[in-house]
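Here is a briefing on the fold of one protein chain. Please keep the sequence and the structure in view while reading.

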Amino acid sequence: MNQIDQKPHAILFPYPLQGHVIPFVNLAIKLASNGFTITFVNTQSVHYQISKARLENGVEGDDLFSSARKLGLDIRDVTIYDGFPIDFDRSLNHDKYFEAILNDFGSHVDELVENLVLSNPPPNILVADTFYIWPSTIAKKYNLVNVSYWTEPALVLSVYYHLDLLRQNGHYDCIDKRQDVIDYIPGVKAIKPTDLASYLQSNDTKMVANRIIHRAIFTDVKKAEYIICNTVQQLESETIAALQEKQPVYAIGPLFSPGFTKSSVKTSLWSESDCTNWLDAKPCGSVIYVSFGSYAHTTKQNIMEIARGLVVSKVNFLWVLRPDIVSSEETDYLPIGYEEFIKDRGLIVPWCCQTAVISHPAVGGFLTHCGWNSILESIWCSVPFICFPLLTDQFTNRKIVVDDWKIGINLCDKESITRDEVSEKVKLLLRGKVAEEMKQQIKKVRKTLEDAVAINGSSQVNFTKFIDDLKSKIPKKNVVALESEAQQLNR
C-alpha cells in the first residue's frame with residue numbers, strides 16, 4: 001500500500017505563565033515559517049488576559065495569531081480549561097492553582113488532543129513545556145512525536161535532571177543539608193547551594209513546585225524523544241554536551257520574535273504603557289530600567305528601599321511595577337507622594353513592552369529579577385544588569401550573569417536591601433570604570449548570540465538538524481487511512 005509523508009503539524013503547550021508563553025510563541029512562528037502547521041494552546045485564563053491587554057492597547061479581536069496568518073503562517077489559536085473560572089486569582093492562590101495543574105490538568109489536555117487528532121492535517125507532534133508531567137503519556141496515547149521545550153538555561157535543566165545526585169550527596173531533601181559546593185553534576189562546573197533554583201534550596205521538598213519538578217523535569221522529560229532549549233551552544237557547551245549523552249538535546253536560542261520590538265503576535269498579559277516619548281527626552285545611556293517580571297513577588301520593605309535608593313542615586317529611571325508585585329491584596333507599597341516627587345526623572349508604569357524599552361538608546365542598565373527572557377533580551381540590546389533574583393531559576397541565572405559571564409552586578413551583597421546600596425549599585429552600573437567594563441563584556445556575549453542565530457551559526461544549524469530529525473520521526477500514513485479521515489471530517 002502506498003505510504004505518504006504527513007505534513008508536520010505540532011501542538012504547542014506553553015506553561016500558563018507569561019515567561020513561558022513568550023518563547024513558545026516565538027517557537028510557533030519559527031516552526032510555522034518552516035512549513036509547519038501549528039496548533040497553539042493557551043489556557044482560557046491566559047488567553048483572556050492577553051485578549052484584554054490587546055483590546056486596551058487598541059488591537060481588535062481575540063484571535064491572537066490572526067496577524068501571523070495574514071503573513072501566510074498556519075497557526076491555529078486554541079484554548080483549554082485549566083480547572084478554574086477566569087476571575088480566579090491564580091497569583092494569590094498560587095499553590096491551589098498549581099496543585100490542580102499538577103494533578104488535574106492532564107485530563108483536560110487528553111480531551112482536547114482527542115478532538116484535535118480529527119483536524120486537517122492531523123497533529124503528529126507534541127511540543128510541551130518541560131514543566132508538564134503528562135507529555136509522555138499523551139504523546140504515546142495519540143502516536144505523537146514527544147518534544148520537550150525547555151525555556152530556561154541548560155544549567156538549570158541539568159541540575160533538575162540530576163536530583164538523584166543531589167539527594168545522594170546530601171544537598172537536597174535531607175535533614176542536615178551540606179553547604180559545600182556541588183561539583184559532581186555532569187557538565188556543570190562547581191556551583192554553590194545558594195545558586196541553585198529557589199525550590200532546591202528550600203527545606204520543604206513537599207511543596208507543589210518541588211513535586212512538579214520531580215515528576216516533570218526529573219522523570220517525564222527523560223521519556224521525550226527530543227529536548228529543545230532556548231539557549232546558545234557556545235555559552236553552555238559542557239552542560240549541553242553532558243545532557244546530549246542522555247538524550248537528543250538541541251540549543252536553538254535565543255528565540256526572539258522576527259521584529260524583536262514589534263512582534264506580529266502580542267504576548268503581554270497586561271496593557272502596555274508607551275514610554276517612548278519619556279525616553280526620547282533622556283540622554284543616551286542615562287536611564288536605569290527596573291522590572292521584576294510578570295510573576296515573582298517581593299516584600300513591601302524591599303520595594304520601599306529600592307524606591308528610596310533610586311531617589312538617592314539621582315539617576316533617571318523607568319520602573320515597571322505590577323499592581324501585585326507584593327500581593328494582590330497589598331497595592332499600597334510606595335512612599336506617600338512618591339510618584340509626584342520623582343516625576344522629573346522617574347517614570348512608573350504597571351507594564352510596558354520590555355523589548356522596546358531596553359532597545360532604546362536612553363537605557364543604560366537593567367535592574368532585573370533575572371528571568372531568562374529578560375536576560376537574553378537585554379544581552380541582545382547590550383544592556384548590563386543589576387541582579388535581584390526572587391524565585392526559581394533566577395538565582396542560578398544570577399550566577400551565570402554575574403559570576404560566569406561578568407555582565408552584571410548584585411543588587412544586594414548583604415542579607416537585606418538598603419537604599420544606600422541600591423543607590424551605589426545603580427551609579428556603579430551607569431557611570432565610571434565598572435560601567436565601561438560591563439558594556440565591553442556584554443558586547444562580547446551579544447556577539448556570541450548574534451553568531452549563533454546567523455546563517456550557519458550553531459543555533460541555526462541545530463534548529464535545522466532538529467527539524468530534519470523531527471520529520472524523520474513523524475509516522476507515515478497510508479492513503480486509505482487519510483481518505484477515511486477526510487470522510488470523517490466532511491460528515
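The model is a predicted one. Domain 1 covers 9-260 + 456-481, and domain 2 covers 275-449.

- The centres of the two domains, taken over C-alpha atoms, are 27 Å apart.
- Domain 1 brings 33 residues to the contact, and domain 2 brings 30 residues.
- Within domain 1, the residues that lose the most area to domain 2 are Asp195, Leu235 and Phe260. Together they make up 23% of what that side buries.

**The sheet of 7 strands**

- This open sheet runs in the order E4-E3-E2-E5-E6-E7-E8, with parallel pairing.
- E4 and strand E8 (249-251) are the edge strands, and each pairs on one side only.
- From one strand to the next, the twist averages 20 degrees.
- Strands of a sheet pair through backbone hydrogen bonds, in a parallel or an antiparallel sense.

**Strand E5 and its partners**

- Strand E2 (residues 9-13) pairs with E5 in the parallel sense, over 4 bridges. Alanine 10 has isoleucine 125 of E5 as its bridge partner.
- Strand E5 (residues 125-129) also pairs with strand E6 (residues 145-150), over 5 bridges and in the parallel sense.
- Two bridge partners in E6 can be named: asparagine 146 for leucine 126, and serine 148 for alanine 128.
- How many of the residues of E5 are buried? The count is 5 of 5, so E5 is mostly covered, where buried means under 20% relative accessible area.
- In a regular strand, side chains alternate between the two faces of the sheet. In E5, Ile125, Val127 and Asp129 point one way, while Leu126 and Ala128 point the other way. All of these residues are buried.
- Helix H7 (residues 154-161) lies across E6 and strand E7 (226-229). H7 runs at about 115 degrees to E6.

- Helix H2 (residues 44-56) has 13 residues. From its first C-alpha to its last, H2 reaches 18 Å, close to the 18 Å expected at 1.5 Å a residue.
- Which residues of H2 are buried? They are Ser45, Val46, His47, Ile50, Ser51, Ala53 and Arg54.
- The cover over these buried residues of H2 includes helix H1 (18-33), strand E3 (37-43), helix H3 (66-70) and strand E4 (75-80).
- Helix H4 (residues 94-103) has His94, Tyr97, Phe98, Ala100, Ile101 and Leu102 buried.
- E3 is among the elements that cover the buried residues of H4. Helix H5 (105-116), helix H9 (198-201) and helix H10 (208-219) are also included.

**The sheet of 6 strands**

- A further open sheet has the order E11-E10-E9-E12-E13-E14, and its pairing is parallel.
- Strand E11 (346-349) and strand E14 (408-410) stand at the edges. Each has a single partner strand, so one side of each is left without a neighbour in the sheet.
- Neighbouring strands of this sheet are turned by 20 degrees against each other on average, direction ignored.
- Helix H13 (residues 300-313) packs on the sheet. H13 touches strand E9 (287-291), strand E10 (316-320) and strand E12 (363-368). The direction of H13 makes about 155 degrees with that of E10.
- Strand E13 (residues 385-387) runs parallel to E14 and is joined to E14 by 3 bridges. Isoleucine 386 has isoleucine 409 of E14 as its bridge partner.

**Strand E10**

- E9 and E10 pair over 5 bridges, in the parallel sense. Valine 287 has asparagine 316 of E10 as its bridge partner.
- E10 is mostly covered, with 5 of its 5 residues buried.
- Which residues lie on each face of E10? Asn316, Leu318 and Val320 are on one side, and Phe317 and Trp319 are on the other. Both faces are covered, and all of these residues are buried.

How values were computed. Residues numbered from 1 in each chain as written. Predicted model: local features only at pLDDT ≥ 70, side-chain atom pairs only at ≥ 80, totals over all residues. Heavy atoms only, no water. Expected span 1.5 Å × (residues − 1). Buried < 20%, exposed > 50% of the residue type's maximum accessible area, 1.4 Å probe, protein only. Contact = heavy atoms within 4.5 Å. Pairing = 2+ DSSP bridges. Axes fitted to C-alpha atoms, helices over the stretch in contact; angles between N-to-C directions. Domains from an automatic or database assignment. Buried area = accessible area lost by both parts, 1.4 Å probe.
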